[in-house]
Amino acid sequence: MFERVIGQKKAKQILSSAVRKDCLSHAYLFTGIHGIGKTTMAKELAMVLNCETKKGCGECSSCRRIKQEIYPDVRIIRPDGPTIKIDEIRSLCDFIAMSSYEGRVKVGIICRAEKMREEAANSLLKTLEEPPKDSLLILTAENQYAVLPTIISRVQKIDCQRLETDEIVDYLQKEGQSPSDARKLAEYSGGSLGKALELRDSQEMQEIFQNVNLVIERLNQLKPHEIIEISAKMGKDRLLAFKFLEILSDVLRTKSFQKDFSTVFGKQYSVTQLALVLEFIEELKLYIEGYGNAQLALESLFIRICRL
């Protein structure tokens, strides 16, 4: 049960125990950063509940169709643009209220539940308060604090954790990645398999990856014009700069747990100095989100690091 979910030992134990004891909640909220398996775990739970072998085998017709998102008794909603609209939630509630077509349990999965507009979230309350028989709602959220308290109070919350570096390395190596590349991708992912795969597969993310790697390894050896060049390249738009800062922050946090954590940016840094860098990165992310000049933000970051 849940063998295909990487990591998440505690969450899997909670759900497996509830399935065995037949005491599943009527609704769950899986929380945690992007790319750690929240939606995968929701689909796996739907498989367990509707599997022809009752084990979530992953091979039967029901399990295969749930994985492909074409099973008639499982519906998944994702944000349409920046939000999840009220019509989508109303449609899901109507779906949950109907009798199953062929499965044992109707399952509705709402990805990024924090993206529900307030009216959409409110339209879900009645279904949460009076859940139809043989139904299950699963919500996922990257930012649990953006989910309405009235929603949180009506679901069982399960916190999903960042993946261990070795868990991501093992997965990437099974996918054909070399040990050294798998290790570097895992370290740069901040515990998110999804981010590691984006770094591997997306051309834009590969460019970010290469520049973060350059900064991490050689910033203090770079010439001024090279620093300006990186700032211009990564600061050409705010979203790109934000992603660059996120990955840089994730790498620094990962390195802080390693024996050679102080050897970054091409020289030695203390724990206090790295903490100051991380704090400044968070300030710059807010500045960029507020439509600040991304290139100038990156230049100021690199200058401050070099002066520490």
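Five strands form an open sheet in the order S2-S3-S4-S1-S5, with parallel pairing. Strand S2 (74–77) and strand S5 (156–159) are the edge strands, each pairing on one side only. From one strand to the next, the twist averages 15°. Two strands count as paired if DSSP finds at least two bridges between them. In general, strands of a sheet pair through backbone hydrogen bonds, either parallel or antiparallel.

S2 and strand S3 (residues 106–110) run parallel and are joined by four bridges. Which residue in S3 is the bridge partner of Val 74? The partner is Val 107.

## Basis of the description

This is a predicted model: local features need pLDDT of at least 70, side-chain atom pairs count only at pLDDT 80 or more, and totals for chains, interfaces and linings use all residues. Residues are numbered from 1 along each chain as its sequence is written, and side-chain values use heavy atoms, leaving out hydrogens and water.

## Helices on the sheet

Helix H4 (residues 86–97) packs on the sheet. H4 touches S2, S3 and strand S4 (135–141), and its direction makes about 160° with that of S3. Helix H5 (residues 118–129) lies across strand S1 (27–31), S3 and S4. H5 runs at about 140° to S4.

Angles run from 0 to 180 degrees between N-to-C directions, with axes fitted as lines to C-alpha atoms, for helices over the stretch in contact. Contact means heavy atoms within 4.5 Å.

## The chain as a whole

The protein chain has 14 helices and seven strands. These are DSSP runs numbered from the N terminus: helices (H or I) have at least four residues, strands (E) at least two. The C-alpha trace spans about 65 × 40 × 30 Å along its principal axes.

Of the 308 residues, 48% are buried. Buried means under 20% relative accessible area, exposed over 50%, and partly exposed in between (1.4 Å probe, protein chains only). Among contacts with a separation of 6 or more, 70% come from residues 24 or more positions apart.

## A residue in helix H1

Ser 16 lies in helix H1 (residues 9–20). Is Ser 16 buried or exposed? Ser 16 counts as buried because its relative accessibility is 9%. Leaving aside neighbours within four places in sequence, Ser 16 is in contact with Met 1 and Phe 2.
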